Amino acid sequence: MDLLAATDIIIPTKLLVWFGLACFFTALGCSQVGTFLVMRKMSLVGDAISHSVLPGIVLAFLVVGTLDSPWLLIGAGLSGVLATLLIELIHYRSRIKQDAAIGISFTSLFALGVLLIGLKAGKVDLDPDCVIFGQVEYLQGYPRVEWWGLEFPRPLVSFAVVGVSATVVVAVLYRILLVSSFDPSLAASYGYFPAVVQLVLMGLTSFVVVSAFQAVGAILVIALLILPGATAYLCANRLPMILLLAGVHALLSSVGGVWLALSLGINTGAAVVLAGGGLFTLAWLFGPVDGVVVRLWMRRRAGEGREPVSACE
Amino acid sequence: MNMILGAGLSGLSGLTLALIASLALGLASGLLGTFVVLRRESLFGDMLSHAVFPGVVAGFFLSGWLAREGWVENAKNPLVILFCALVAGVLGAMVVTVLGNSTRLKQDARLGVVLSVFFAGGIALFGFGEPAGVQGVLYGQMAAIDATDLRLMLGAAAIVGVAVFLFRRPLLVVSFDEGYAHNLGYPVTWLTLMFSVLLTMAVVVAMQAVGVVLVSAMLITPAATAHLMTDRFPRMMVFSVLFTILASVGGTLLSGSISDFAAGPVIALCATALFVVAYVFAPRHGLAARFWRDRGQRQRIQRENVLKDIYRVLEREGFPAEGVTVGAFEAERRLDREGAERELKMLEHAGALIRRNGGERLVLSEEGWRQAARVVRNHRLWELYLTNEAEYQADHVHDDAEIVEHLLGEEAIQRLEAELGFPKTDPHGSPIPQPSAPPIHTTS
Amino acid sequence: MIALETHDLTVTYRKRPVLYGIDVVIPEGNLIGIVGPNGAGKSTLIKAVMGVVRSTGGWVKVFGKPVKESLKRIGYVPQRESIDWEFPVTVMDVALMGTYGKLGPFRWVGEEQRRRAREALERVGMLPYAKRQIGNLSGGQQQRVFLARALAQDSDLYLMDEPFAGVDAATESAIVELLKELRSQGKTVIVVHHDLQSAREYFDMLLLLNMRLVAFGPTAEVFTTELLQKTYGGRLTILSEMAEKAAREGTGKLHPKNEP
């Protein structure tokens with residue numbers, strides 16, 4: 001791969017915008033919902049849901065024939081619910097612990113999904129690689145819609161709808177989510193029943209995961225869910241700011257990742273995640289709250305006899 | 001040595017290779033899976049499988065390059081690939097630890113971050129060309145295993161097997177109770193590191209068979225199945241290995257007959273199928289076993305409750321020798337004729353009841369009397385205990401006594417009697433029967 | 001008026017009975033301590049009252065109504081160890097949470113709520129720390145923040161789970177003063193407490209608990225050797241064993257309802 005030649009490539013702006021927007025809207029929704037998953041120490045569950053929705057999506061796809069359909073959401077939702085039920089069934093009715101129950105549940109469902117794709121691959125236009133790798137690139141093949149004089153592939157609209165509505169829902173339910181995540185007993189006393197909140201969160205996760213599938217592929221969805229929140233957690237002390245920074249992370253990693261992908265010729269999904277990982281590393285080093293460099297600097301200041309000021313005021 | 005092994009293997013058919021691979025898979029993944037499940041580190045295993053992926057891809061690249069430069073003969077050199085995989089795996093684990101020491105991020109988020117970023121790295125590497133055989137890492141390639149892959153799998157599995165055998169006791173202690181391991185002077189850090197390395201090897205083996213994502217299926221599901229089947233650790237390991245091999249062989253054969261598609265998912269689903277079977281039918285812990293146990297007990301409790309009521313009627317009427325009328329029985333149990341007949345049949349079947357006068361009068365057999373007296377004694381003693389010692393309210397006593405009286409063993413009864421001072425009557429003034437005394441009312 | 005009433009309250013956790021048939025009637029306007037040995041179910045009693053933990057039998061009424069209807073009148077202060085101190089909230093955020101109950105989940109937080117939160121923080125002496133993230137506080141300070149939250153709730157019945165655990169002497173006296181103040185305002189304060197000696201000084205009434213209600217009444221009456229021995233002495237072992245056996249081996253039911 002001749003890097004010199006790569007930098008000479010003029011990146012088609014249209015593709016940059018399309019792919020960037022697709023990834024951004026997806027990442028936005030995931031970042032908001034995923035931040036709460038991180039706060040609740042439920043990253044593993046997020047990973048499980050992201051794998052478990054595959055059979056639902058595949059079945060829905062086999063029925064409607066296109067990825068651009070709300071039926072995929074329903075399929076995903078049902079699949080996610082099934083996963084949750086299986087986990088409960090295994091964990092509560094036998095001596096198997098929760099982490100193993102989650103593992104058994106999501107690997108079975110994922111295997112089922114991959115098998116379905118494999119069996120039907122010849123009959124329908126669904127490539128197993130698309131599922132694993134994401135298929136933002138295929139956006140080009142879809143019919144266009146026009147907005148404000150500009151052209152966009154139609155799926156972009158659904159990405160936008162999912163991303164924005166997920167963000168709005170999180171904003172509306174913010175207080176409930178905050179209290180339930182911080183202090184479930186207090187939440188219960190306010191009538192925000194933990195079991196219900198959990199279910200809603202699982203539902204939201206399944207909802208945003210469907211778009212994420214198409215953007216970055218099944219295996220990297222977890223990145224879109226937790227990298228923004230994890231990165232923001234290292235940079236801020238209050239939840240509203242964390243949610244905002246997570247959104248910023250979504251934007252930067254999407255744009256940066258798409259640019260990387262188009263210039264270097266690597267898979268878009270992987271590039272977005274790597275960009276996100278880069279941002280995470282920056283936060284790890286320089287984050288105002290938890291950054292390594294910042295902490296070392298603080299310690300040096302304290303060592304010099306100055307009043308140690310908490311970085312969090 | 002390599003060449004001999006290679007020569008031996010290349011002569012075998014694809015199916016035989018797959019079968020041998022299943023053995024390797026069983027040994028490596030099955031053994032380590034036991035530890036993973038017991039340590040509750042399923043997510044850690046998942047992270048390793050994703051973190052190892054870029055290592056394997058890089059290994060393919062490196063191996064190919066070395067082959068072109070003439071350093072090795074094989075473009076898919078197993079040692080090179082394994083080495084790169086190990087490096088990646090250990091690196092991933094190290095990053096997780098570093099993040100843990102330097103940030104407030106919780107374990108689940110740390111694992112998720114490393115898992116996804118490393119995996120993305122692996123996929124990104126594909127942008128530089130896709131070396132032959134790498135697809136197999138994603139989906140597994142049981143159906144298409146060749147001699148080279150097998151050498152890798154067997155080698156790794158052998159190392160894992162030997163290491164687990166040699167260090168089984170320290171590994172077990174460290175997994176179960178790290179504090180105690182320190183106490184015993186075990187080098188806990190080294191053992192944990194060794195465990196990570198062994199786990200990485202098991203992951204590499206599993207990846208060859210079922211692909212990256214489903215590695216967890218091979219690590220966890222068979223081990224969980226084994227956990228349902230036995231309470232003993234050595235047996236759990238054996239079962240785990242066995243189930244892994246079964247799933248692998250079954251899945252390979254099955255997928256071969258269904259389609260050309262990779263065997264990975266079918267193997268994973270076979271492992272799940274085994275789990276479901278164990279979930280339902282495992283002795284002691286399975287659903288069926290528990291159901292039968294509950295049912296047996298429910299039947300016993302019901303039988304004793306009926307006997308208790310018969311006793312009460314007998315007591316009220318002064319223990320008449322002719323026994324009790326069916327009508328009185330129906331009234332006491334609040335049943336209609338049909339329901340009463342069912343219960344009476346049950347008692348007769350158990351040898352506790354005898355019917356006289358054309359079925360109209362009920363008389364307890366000697367065995368029936370003993371059981372009835374015992375359960376009534378238990379009930380009344382327990383009520384007395386609750387009322388006196390535990391300051392129970394009058395309207396509570398009956399509900400709880402109903403269950404406990406059936407479960408009191410002789411030892412507990414003796415303790416109760418002693419603590420209550422060998423009472424003669426219960427809180428309602430009814431006498432407490434002595435089952436050991438000769439029956440007041442018998443057959444004859 | 002009766003603040004809290006339970007009848008035959010029973011809670012089983014993982015096949016082990018934790019509370020067994022609790023009957024208690026607690027009059028309002030008192031400062032009440034719950035004492036008993038470890039594992040006696042003290043925290044569970046409070047959680048069962050709140051409905052945080054599901055009971056397998058019996059019922060609970062708060063101010064004469066089922067708990068669900070009286071939730072807004074209850075202020076709950078949990079055990080500190082159940083909190084994630086690295087959660088991104090500040091002292092002020094936590095105090096404000098106290099106002100959410102009456103505010104409801106969707107209305108904007110207004111000046112009224114902020115004022116209540118500020119006043120609550122002031123009362124416990126934590127107003128200067130308002131902008132600090134909760135992890136950067138000492139044990140005593142953390143406890144005070146949660147008390148401020150409870151104060152901001154402006155409840156009629158307060159349920160507090162070991163508020164004095166791991167707290168320095170100065171904070172402890174400050175908290176006791178605060179509780180007495182609440183009591184003089186007519187509130188009912190029920191506190192799970194771990195130390196017998198101080199329990200005698202702090203509380204008007206004591207509830208002696210060891211899976212069963214051993215005694216409840218004015219401190220002077222209840223703090224007797226005999227009753228204390230009954231609570232801490234382990235004579236109820238047969239009961240707990242049998243109840244556990246019933247839960248484990250029986251058809252799994254201590255009471256007709258299913259266990260959680």
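This is a predicted model: local features need pLDDT of at least 70, side-chain atom pairs count only at pLDDT 80 or more; totals for chains, interfaces and linings use all residues.
How many residue pairs are in polar contact between chain A and chain C? I count 8, with both residues of each pair at pLDDT 80 or more.

**Entry: chain A against chain C**

I stayed with this interface. The elements of chain A that give two or more residues to the side touching chain C are H9, helix H10 (184–189) and helix H13 (239–264). H9(A) provides the largest share of that side, 6 residues.

Next I looked at the extent of the contact. Chain A puts in 27 residues and chain C 35 residues. The two chains bury about 2,600 Å² between them. Carbon and sulfur atoms account for 63% of that area. On the chain A side, A:Arg175, A:Phe182 and A:Tyr190 lose the most area to chain C. Together they make up 30% of what that side buries.

I then turned to charges. The rule finds 3 salt bridges across the interface of chain A and chain C. One pairing I looked up is A:Lys41 with C:Asp84, whose side chains meet in a salt bridge at 3.6 Å, N to O.

**Entry: aromatic pairs**

I counted ring pairs next. Over all chains there are 17 aromatic pairs. I went to A:Phe182 and C:Phe146, which form a stacked pair. Their centres are 6.2 Å apart, with 25 degrees between the planes. Why does the pair join two chains? A:Phe182 lies in helix H9 (residues 174–182) of chain A and C:Phe146 in helix H6 (residues 139–153) of chain C, so the pair joins two chains.

Buried or exposed? I checked A:Phe182 and found it buried, at 2% relative accessibility. C:Phe146 is buried as well, at 2% relative accessibility.

From there I moved to chain B. B:Phe35 and B:Phe195 have ring centres 6.0 Å apart and planes at 70 degrees, so I logged the pair as edge-to-face. This pair links distant parts of the chain, with B:Phe35 in helix H2 (residues 14–38) of chain B and B:Phe195 in helix H10 of chain B. The two residues are 160 residues apart. Both B:Phe35 and B:Phe195 are buried.

I also went back to the ring at the interface. Ring pairs link A:Phe182 into a cluster with C:Trp85, C:Phe87 and C:Phe146.

**Entry: charges over rings**

The charged end of B:Arg168 sits over the ring of B:Phe165, 4.6 Å from the ring centre. In chain C, C:Arg73 lies over the face of C:Phe63, at 3.9 Å from the ring centre.

**Entry: B:Thr200**

I placed B:Thr200 in helix H10 (residues 188–210) of chain B. How buried is B:Thr200? Its relative accessible area is 1%, so I noted B:Thr200 as buried. The cut-off for buried is under 20% relative accessible area.

I followed the side chain. It reaches the backbone oxygen of B:Ser196 at 2.7 Å. Leaving out residues up to four places away in sequence, B:Thr200 touches B:Leu48, B:Val52, B:Ala85, B:Leu86 and B:Gly89.

**Entry: helix H4 of chain A**

I listed the buried residues of helix H4 (residues 54–64) of chain A. They are A:Leu54, A:Pro55, A:Gly56, A:Ile57, A:Val58, A:Ala60 and A:Phe61. After H4(A) comes A:Gly65, and its phi is positive, near 80 degrees.

**Entry: chain B against chain A**

Last, I took the interface of chain B and chain A. Here 54 residues of chain B are in contact with 57 residues of chain A. The buried area is about 4,700 Å², and carbon and sulfur atoms give 73% of it. B:Arg104, B:Tyr139 and B:Val213 supply 13% of the area that chain B buries against chain A, more than any other three residues.

How many salt bridges are there between chain B and chain A? The count is 1 salt bridge. I found the side chains of A:Arg95 and B:Asp231 meeting in a salt bridge at 2.7 Å, N to O.

I then asked which elements of chain B supply at least two residues each of the side that touches chain A. Among them are helix H3 (42–69), helix H4 (78–102) and helix H5 (107–125) of chain B. The largest share of that side, 12 residues, comes from H5(B).

Conventions
Residues are numbered from 1 along each chain as its sequence is written. Chains are lettered from A and ligands numbered from 1 in the order in which they are written. Side-chain values use heavy atoms; hydrogens and water are left out. Helices (H or I, at least four residues) and strands (E, at least two) are DSSP runs, numbered from the N terminus. Buried means under 20% relative accessible area, exposed over 50%, partly exposed in between (1.4 Å probe, protein chains only). A polar contact is a pair of N or O atoms within 3.5 Å; within protein, one must be able to donate a hydrogen and the other to accept it, and residues adjacent in sequence count only if both atoms are side-chain atoms. Contact means heavy atoms within 4.5 Å. Rings of Phe, Tyr and Trp (its six-membered ring) pair if their centres lie within 6.5 Å; planes under 30 degrees apart count as stacked, over 60 as edge-to-face and the rest as tilted. A charge sits over a ring if NZ of Lys or CZ of Arg is within 6 Å of the ring centre and within 35 degrees of the ring normal. Buried area is the accessible area (1.4 Å probe) that two parts lose on being put together, summed over both. A salt bridge is a side-chain nitrogen of Lys or Arg within 4 Å of a carboxyl oxygen of Asp or Glu.
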